[in-house]
Amino acid sequence: MPATVLTGKSAIRAVCPEEGFARRNSLWYNQPRMTKAELKERWRATPHRPGVYLMKDGAGGIIYVGKAKDLKRRLANYFSPSRKTLEHHKTRALIASIASFDYYETRSDQEALLLEQKFIKDYRPHYNIQFRDDKRFYLLKAARHERIPRFTLVRQKKDDKARYFGPFAHATALKETLEWINRHYRLRTCTARHPGEKEYQHCHADVIRQCSAPCINRISPEEYQANFQAAMDLLEGRGRKDVLDGIRDEMMEAADKLDFEKAAVLRDIHENLVKTFEPARRFTKGSPDLPGTVRPDHDLAELGAALGMSEPPAIMECFDISNLSSNHIVASMVRFTNGRPDNQAYRRYRIRSVDGQNDFASMIEVIRRRYSRILRESAAIHEKPEGMSAYAWLKQLSAEGKAPIKVPDLVIVDGGKGQLSAAMEELESVGLSDMPVIGLAKQHEEIFFPGESAPLRLDHETGALKLMQRIRDEAHRFANNYNELLVRRRVKESRLDAFPGMSQKRKELLLSRFKSVSNLRSRTPDEVASLPGISRAWAEKLLVWLGDSA
């Protein structure tokens, strides 16, 4: 069955099932031994993304399977090894045996771990040690068929009418999450199949208000079942965002009130929930949704055709806004070059001019700051020929290597019509209204164009959409990481506010000189007292207090 090709703005190349099957199974075919130069060239083409790699010998057999948070950096250990790496005889032997390799990009570290487990169990590679004991990841079992249902951790699914969630790669995060769920919904944790008065006499969970005590009818069976169903709804994804946002808001409120112990506990709860809820497919033998090797060049060509562009967008920049509260609003800009992340060109911004949460105004600010800078640093912009637009002139300067920052071929904003309109408004203001810009709305993965009301929808299996999802998700990750960094820094550094006699000026002076509380804690009283306005006696008291509160 040939691939379908559509023409016009919505032109896409649909990947047929037969082609996908052949591509997925190519790693079981014999492949000729690649030269060292060819191996290095293939390694340099791998993305900075999580995934799984499979090393093969000259006969095409899989000799090693590994996972990576960053495929490109991880594979450098094999194709550009350091002296320390080569000290291990096992690694040297493995590198000498590699004739070719394949890699599979996944959506997260958790998926990479699950896929690695599947491959190791299926093929038992010679150089692998882990997972040889057939150990399984945790599942969360909801014994809803019991009179008073409960959650338990298991490693194997049974045909017992229970509801199973998982598998979960982060065992510690899962256990902490389960503890929070039981406490939050006041569910029972006792092991008795049918708890009653006898079990209650030896239980203290009700005393510390961590169980609603359905065993003695302190709560009706119907009310308990409703609480248990609410917990199941959360695990299934319903209301998950509201729960996470609520915990995050409570954490920020605690930090603002200088209750840093509570803020730290809530931060840990939030992080555990995010890790546990991280979406991941469960890969089984013969699974049809096995992720395929990323093909950036193909995806770029497909994207250019889908958007009706004259050529593929070699340079793309994507913007995302992240709000934790009105005090923590940040934005990110990530750049992909030739379909791959260009990490050195990433930029992050703290929003300065916006009061409260306003994504449209925040988008205007970050667009203005990004492209005003490009115009400002391109000295040759003043030599622009009459009749040529600023964007066309910058494109020409970029092609000739005369622009300090190359302008993008395509700008993607995370959001729908509102975010796109805000971005276009500011681009017109700075004189770059002809720069190609689209909006990608996450709910239905709709693509919006300036001045057009109807969005474009691409098949979710097309490389064009997957490429846009990769850059959008990368911008979202980069913005969230920055926001979480600022929150952690706020929780950690604001500890100084609780010290008696600490003024805002002194705190700023200490952090300006020593950068962080942990660094300050390691200093001597004389070093702290060397700052203007700080006595040695006060410095000694501060360091003792920091040591006690560590």
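Arg-186 is placed in the loop that runs between α6 (171-184) and α7 (197-200); helices (DSSP H or I runs of at least four residues) and strands (E runs of at least two) are numbered from the N terminus. The model is predicted, so that local features need pLDDT of at least 70 and side-chain atom pairs count only at pLDDT 80 or more, while totals for chains, interfaces and linings use all residues. Residues are numbered from 1 along each chain as its sequence is written, and side-chain values use heavy atoms, with hydrogens and water left out.

Although Arg-186 is not a glycine, its phi is positive, near 55 degrees. With a relative accessible area of 24%, Arg-186 is partly exposed; buried stands for under 20%, exposed for over 50% and partly exposed for the range in between (1.4 Å probe, protein chains only). A positive phi, of about 45 degrees, is also found at Arg-124, in the loop between α5 (109-123) and β4 (138-142). Arg-124 counts as partly exposed because its relative accessibility is 37%. A further backbone feature is the cis peptide bond from Gly-166 to Pro-167, with omega near 10 degrees. Pro-167 belongs to strand β6 (residues 163-168). For reference, most residues other than glycine have a negative phi, and most peptide bonds are trans.

Beyond four places in sequence, Tyr-371 is in contact with Glu-317, Phe-319, Pro-408, Val-411, Leu-427, Leu-432 and Met-435, where contact means heavy atoms within 4.5 Å.

Ile-364 is located in helix α12 and is buried, with a relative accessible area of 17%. Outside four places in sequence, Ile-364 touches Ala-422, Glu-425 and Glu-426. Its C-alpha atom is 8.6 Å from that of Gln-419, at a separation of 55 residues along the chain.

Asp-409 occupies the loop between α13 and β11. The residue is buried, at a relative accessible area of 11%. A polar atom of the Asp-409 side chain is 3.0 Å from the backbone nitrogen of Ala-314. When neighbours within four places in sequence are left aside, Asp-409 contacts Met-309, Pro-313, Ala-314, Ile-315, Tyr-391, Lys-395 and Pro-436.

A cavity is a set of points, on a 1 Å grid over the protein atoms alone, where a 1.4 Å probe fits but cannot get out, and lining residues have an atom within 4 Å of a point. Grid points are joined across faces, edges and corners, and a volume is the space filled by probe spheres set on the points. The largest cavity has a volume of about 50 Å³. Its lining is made up of Arg-147, Ile-148, Pro-214, Asn-217, Ile-219, Ser-220, Pro-221, Tyr-224 and Gln-225. By class, this lining has 5 nonpolar, 3 polar and 1 charged residues.

Definitions and conventions
On a 1 Å grid over the protein atoms alone, a cavity is a set of points where a 1.4 Å probe fits but cannot get out, and a pocket is an open set with protein on both sides within 12 Å along at least five of seven lines; lining residues have an atom within 4 Å of a point. Ala, Val, Leu, Ile, Met, Phe, Trp, Tyr, Cys and Pro count as nonpolar, Asp, Glu, Lys and Arg as charged, and the others, Gly among them, as polar. A polar contact is a pair of N or O atoms within 3.5 Å; within protein, one must be able to donate a hydrogen and the other to accept it, and residues adjacent in sequence count only if both atoms are side-chain atoms.
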